[in-house]
Amino acid sequence: MRAAVHRAVEELLAEEVGDGLTIPAVAARAGVHATTLYRRWGSVGELLADVATSRFSGDVVVPDTGSLRGDLQRWAADVATDLADPDVLALMRATLGAGGEQGACACRGDREDQLAAMIEREKARGGTAPTVERTADALLGPLYYRAIFTGEPGSPDWARGLVDLLLPG
């Protein structure tokens, strides 16, 4: 049932239903009763946060190139490619719009965990690294801003350039 509901949400978002994304609309598309969705998710915001968490968990692999710079460049390029997908953008915009803080966490949580893994690996190699917060501000901030608020998501090359701003030299 969860897969059918998630698929229904993604299909409705792809059709640009906007405010038409309601629990009854999702239930009808998924072939389940609306009360089942209300009981499990409670609101459209909670449902979108669950779909986003599912979608964004593990979609970008944490690279291991042997250097933090190489890891972050490959990761940033992969995230930029992911954010260029119109279906991903529709899900992110809807989740942020309806999900509040829970929606924001769903859209950034796994990405921050990936950054933390790369930073910890660099420290374990004996290198120095910026904090996860600084790295997220320098990489995720611009990537998400361009994807969500402008009509032109950043290219993989542009995303790799953000790493050079974070790690000069």
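Helices (H or I, at least four residues) and strands (E, at least two) are DSSP runs, numbered from the N terminus. This is a predicted model, in which local features need pLDDT of at least 70 and side-chain atom pairs count only at pLDDT 80 or more, while totals for chains, interfaces and linings use all residues. Residues are numbered from 1 along each chain as its sequence is written, and side-chain values use heavy atoms, with hydrogens and water left out.

**View 1. Overall fold of the protein.** The chain reads α-α-α-α-α-α-α-α along the sequence. That gives 8 helices and 0 strands. Of the 169 residues, 40% count as buried (under 20% relative accessible area; exposed is over 50%, partly exposed in between; 1.4 Å probe, protein chains only). Contacts (heavy atoms within 4.5 Å) between residues at least 6 apart in sequence join residues at least 24 apart in 67% of cases.

**View 2. H1 packed on H2.** Helix H2 covers residues 23-30. The axes of H1 and H2 lie 8 Å apart, at an angle of about 115°. Axes are lines fitted to C-alpha atoms, for helices over the stretch in contact, and angles run from 0 to 180 degrees between N-to-C directions. H1 is therefore roughly perpendicular to H2 (65 to 115 degrees; under 35 is roughly parallel, over 145 roughly antiparallel, the rest oblique). From H1, Ala-4, Val-5, Ala-8, Val-9, Glu-11 and Leu-12 meet Ala-25, Val-26, Arg-29 and Ala-30 of H2. This contact has 8 nonpolar, no polar and 2 charged residues. Ala, Val, Leu, Ile, Met, Phe, Trp, Tyr, Cys and Pro count as nonpolar, Asp, Glu, Lys and Arg as charged, and the others, Gly among them, as polar.

**View 3. H1 against H4.** H1 spans residues 2-14 and H4 spans residues 44-56. Their axes come within 10 Å and cross at roughly 100°. H1 is thus roughly perpendicular to H4. On the H1 side are Arg-2, Val-5, His-6, Val-9, Glu-10 and Leu-13; they meet Leu-47, Leu-48, Asp-50, Val-51 and Ser-54 in H4. By class, 6 residues are nonpolar, 2 polar and 3 charged.

**View 4. The annotated segment.** The unreviewed UniProt entry carries the annotation "DNA-binding region" for residues 22-41. UniProt positions follow the numbering used here, feature names are shortened, and annotations may be inferred rather than shown by experiment. The span is 75% helix and 0% strand, with its end C-alpha atoms 12 Å apart.

**View 5. Surroundings of Glu-122.** Glu-122 lies in H6, residues 86-124. Glu-122 counts as buried because its relative accessibility is 13%. Not counting residues up to four places away in sequence, Glu-122 touches Ser-67, Leu-68, Gly-127, Thr-128 and Ala-129.
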